[in-house]
Amino acid sequence: MKSLVIVDMQRDFVDKGGVLYFPKAEDIKDNIIKKIEEYEKMELPIITTQDWHDMEDREFKKFPPHCIKGSYGARLTSRIEDVLKDYNSHFSIKKKRFSAFFETSLEDILKEAGINEVEVCGVITHICVLYTVEGFRNRDIQTSVLEQGVASFDKAAHECALKFMKEVLGAQIV
Ligand SMILES: [Zn+2]
């Protein structure tokens with residue numbers, strides 16, 4: 001079973017006015033919406049991840065406070081929220097570290113839904129996307145990363161992460 005995995009398309013990252021907003025995020029929104037519609041037509045599972053931090057998270061020593069549990073900025077960007085509303089095969093992962101596997105139920109969801117192949121999109125290419133792809137690859141899940149569906153505020157790091165995901169982790173960049 002194949003699944004679409006959408007990493008951290010949250011208001012604090014991808015909407016103007018968000019704490020960690022970066023303009024490159026605008027370029028991938030339409031492509032991700034299109035992908036979601038394809039998966040919904042095929043009735044395949046869609047997994048979204050969200051950064052979901054406590055107020056005092058240690059990560060805030062490195063990054064300004066963002067995606068606080070239950071806050072406006074932690075919600076998925078509104079177009080993605082809308083297109084996923086009422087979709088039965090949507091699984092939501094709330095995470096507090098870069099990898100969507102860390103202290104979450106992602107591994108159980110994969111097993112229960114029989115997912116052995118994923119297409120990954122979202123932000124940020126060299127942070128949560130990279131560490132989540134690492135988690136998929138080390139569990140032998142076939143992984144494609146949508147080049148037009150991932151974005152970063154750092155062009156060099158973005159390119160480097162794509163290279164690592166391909167050459168080190170064995171993901172396909174499509
Ligand atoms: Zn975070």
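Me: Where is the place of I124?
Reply: I124 is in the loop between β4 (117-123) and α5 (125-137). Helices (H or I, at least four residues) and strands (E, at least two) are DSSP runs, numbered from the N terminus. This is a predicted model, in which local features need pLDDT of at least 70, side-chain atom pairs count only at pLDDT 80 or more, and totals for chains, interfaces and linings use all residues. Residues are numbered from 1 along each chain as its sequence is written.

Me: What kind of peptide bond joins V123 and I124?
Reply: The bond is cis, with omega about -5°.

Me: Why does C67 count as buried?
Reply: A residue is buried if 20 or more other C-beta atoms lie within 10 Å of its own, exposed if 12 or fewer, and partly exposed in between, with C-beta atoms placed from the backbone. C67 has 26 C-beta neighbours inside 10 Å, so C67 counts as buried. C67 belongs to the loop between β2 (46-51) and α3 (78-84). Its phi is near 45°, a positive value in a residue other than glycine.

Me: What makes D140 exposed?
Reply: D140 has 9 other C-beta atoms within 10 Å and is therefore exposed. D140 lies in the loop between α5 and β5 (142-151). D140 is not a glycine, yet its phi is positive, about 60°.

Me: Why are α5 and α6 called roughly parallel?
Reply: Axes are lines fitted to C-alpha atoms, for helices over the stretch in contact, and angles run from 0 to 180 degrees between N-to-C directions. Angles under 35 degrees count as roughly parallel, over 145 as roughly antiparallel, 65 to 115 as roughly perpendicular and the rest as oblique. α5 and helix α6 (residues 155-167) pack at about 10°, with axes 9 Å apart. The two helices are therefore roughly parallel to each other.

Me: Which residues make the contact?
Reply: From α5 come T125, H126, L130 and V133, and from α6 come A157, H158, C160, A161, L162, F164 and M165. Two residues are in contact if their C-beta atoms, placed from the backbone, lie within 7 Å.

Me: How do the strands of the open sheet pair?
Reply: Six strands in the order β3-β2-β1-β4-β5-β6 form the open sheet, and the pairing is parallel. Two strands pair if DSSP finds at least two bridges between them. Strand β1 (residues 2-7) and β4 are joined by six bridges.

Me: What makes β3 (90-95) and β6 (172-173) edge strands?
Reply: Each of β3 and β6 pairs on one side only.
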